[in-house]
Amino acid sequence: MQTQISADRTSCIRERARALGFDLCGVVHVEEFGELAHLPEWLAQGYAGEMNYLRDPRRADPRLVLEGACSLIVVALNFNSDKPYSTELASGADDESPHGWISRYAWGDDYHEVLREKLNALVAEMRAEIAEPFEARVYVDTGPIIERVAAKHAGLGWLAKNTCLINQQLGSWLFLGVIVTTLELEPSLAPSGEIGGMTPPRDLCGSCTRCLDACPTQAFPEPYVLDARLCISYLTIELRGPIPEELRPQMGRAVIGCDICQDVCPWNRKAPVTALAAFQPRQVDQNSLFAPSLEWLASLSQEQFSAIFRGSAAKRAKWRGLVRNACVALGNSHIQRGSPAYPRIIVLLDRLASSDDLLIADHARWALARLAAPR
């Protein structure tokens with residue numbers, strides 16, 4: 001009887017999740033997932049860099065997150081906007097003004113808030129439907145749950161060689177969210193041999209290594225392992241200090257995050273496009289967060305940054321981080337000395353090189369030296 005009740009609840013929750021706009025929803029029992037056993041070794045290698053929050057002991061066992069937790073409800077939301085990939089944009093000379101790259105996930109509204117609102121609505125509907133008292137805690141990439149591992153075990157996809165979750169129909173442009181609950185729910189994936197359950201997604205990466213080969217900084221020491229210290233997303237967002245000089249030339253025009261390993265993935269070539277307005281690129285006056293002007297980004301004040309990126313996931317990089325990154329991207333631009341933009345950029349970088357902020361000044365001087373060097 002209890003098994004049927006759990007199965008009915010799982011079915012109802014998945015239906016309500018789809019009605020709320022989630023593209024995928026799965027359920028898994030709270031347990032120590034096999035992938036998490038490798039976390040201490042990964043941390044010991046120093047691959048987490050300065051992301052000390054990854055050392056939270058609760059990450060190694062989801063059962064430590066909520067007392068009495070029984071189940072994880074995992075959801076996914078497609079954020080693939082109808083815009084070219086970073087690898088499809090021209091990388092040559094840009095005579096008018098060089099443009100940078102902000103990762104696809106940060107073009108629109110802050111996904112943490114978008115998903116959290118939907119997840120809270122799902123919990124509210126669960127409370128209205130289920131008389132039994134229960135506890136539930138919502139996480140969207142800010143708690144101690146490693147969502148992509150939970151998503152794999154809930155049947156939403158497989159963990160790829162670039163460590164992203166890939167769904168065979170939707171690709172990897174997916175925001176993930178989790179509800180940890182004390183409710184006993186039937187898992188989406190039935191035990192092996194049991195009729196009626198979903199078939200666990202197979203790893204369909206095969207022999208493909210496009211994501212690993214395309215990484216400019218070679219951030220994958222081996223398939224399925226990421227050294228975050230070399231990842232452009234880490235360098236532009238999580239790293240607060242100077243970007244190592246030997247990595248700056250490989251960063252290209254990235255200013256917030258990096259999409260290259262997903263851009264080249266064959267599973268994303270036919271990924272459906274989202275219709276959600278929240279994830280479309282923001283327009284700010286004459287500027288867009290899709291391939292924005294590097295001059296515009298590098299010249300932003302703290303106040304302008306706060307206003308433009310309010311309610312945006314890009315704000316995590318902070319103002320000085322964004323200006324630092326824009327300086328590196330300007331240094332990597334192919335702006336020609338005879339172009340109209342060249343003298344403007346030199347004046348801008350000269351001003352930043354005199355900044356009281358030593359981090360910004362250092363990266364502006366590096367960019368000036370790079371633009372002055374023979375090509």
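In which handedness of crossing does α10 pass α11? The crossing is left-handed. The model is a predicted one.

**α10 against α11**

- Helix α10 spans residues 319–331, and helix α11 spans residues 341–353.
- Their axes lie 12 Å apart, and the packing angle is about 140 degrees.
- That angle makes α10 oblique to α11.
- On the α10 side, the residues that meet α11 are Val323, Cys327 and Leu330.
- Their partners in α11 are Ile345, Leu348, Leu349 and Leu352.
- This contact has seven nonpolar residues, with no polar and no charged ones.

**α11 against α12**

- Helix α12 covers residues 358–372.
- The axes of α11 and α12 come within 7 Å, crossing at roughly 145 degrees.
- This crossing, too, is left-handed.
- From α11, the contact draws on Tyr342, Ile345, Ile346, Leu349, Asp350, Leu352 and Ala353.
- From α12, it draws on Ile360, Ala361, Ala364, Arg365, Ala367, Leu368 and Leu371.
- By class, the residues of the α11–α12 contact are 12 nonpolar, no polar and two charged.

**α10 against α12**

- The axes of α10 and α12 come within 8 Å and cross at roughly 10 degrees.
- The two helices are therefore roughly parallel to each other.
- α10 contributes Trp319, Arg320, Val323, Arg324, Cys327, Val328, Leu330 and Gly331 to the contact.
- α12 contributes Leu359, Ile360, His363, Ala364, Trp366, Ala367, Arg370 and Leu371.
- The α10–α12 contact has 11 nonpolar, two polar and three charged residues.

**Serine 81**

- Beyond its neighbours within four places in sequence, serine 81 contacts Arg104, Trp107, Val273, Thr274, Phe279 and Gln280.
- A polar atom of the serine 81 side chain lies 2.8 Å from the backbone oxygen of phenylalanine 279.
- Alanine 373 is 292 residues from serine 81 in sequence, and their C-alpha atoms are 37 Å apart in space.

**Asparagine 80**

- With 3% relative accessibility, asparagine 80 counts as buried.
- Leaving out neighbours within four places in sequence, asparagine 80 is in contact with Tyr85, Arg104, Trp173, Ala271, Pro272, Val273 and Thr274.
- Arg104, Val273 and Thr274 are contacts of asparagine 80 and of serine 81 as well.

**Tyrosine 53**

- A relative accessible area of 40% makes tyrosine 53 partly exposed.
- Not counting residues up to four places away in sequence, tyrosine 53 touches Arg59, Glu238 and Arg316.
- Threonine 142 is 89 residues from tyrosine 53 along the chain, with a C-alpha separation of 9.7 Å.

Methods
Residues are numbered from 1 along each chain as its sequence is written. This is a predicted model: local features need pLDDT of at least 70, side-chain atom pairs count only at pLDDT 80 or more; totals for chains, interfaces and linings use all residues. Side-chain values use heavy atoms; hydrogens and water are left out. Axes are lines fitted to C-alpha atoms, for helices over the stretch in contact, and angles run from 0 to 180 degrees between N-to-C directions. Helices (H or I, at least four residues) and strands (E, at least two) are DSSP runs, numbered from the N terminus. Angles under 35 degrees count as roughly parallel, over 145 as roughly antiparallel, 65 to 115 as roughly perpendicular and the rest as oblique. A crossing is left-handed if the near helix is turned anticlockwise from the far one by less than a right angle, and right-handed if clockwise. Contact means heavy atoms within 4.5 Å. Ala, Val, Leu, Ile, Met, Phe, Trp, Tyr, Cys and Pro count as nonpolar, Asp, Glu, Lys and Arg as charged, and the others, Gly among them, as polar. A polar contact is a pair of N or O atoms within 3.5 Å; within protein, one must be able to donate a hydrogen and the other to accept it, and residues adjacent in sequence count only if both atoms are side-chain atoms. Buried means under 20% relative accessible area, exposed over 50%, partly exposed in between (1.4 Å probe, protein chains only).
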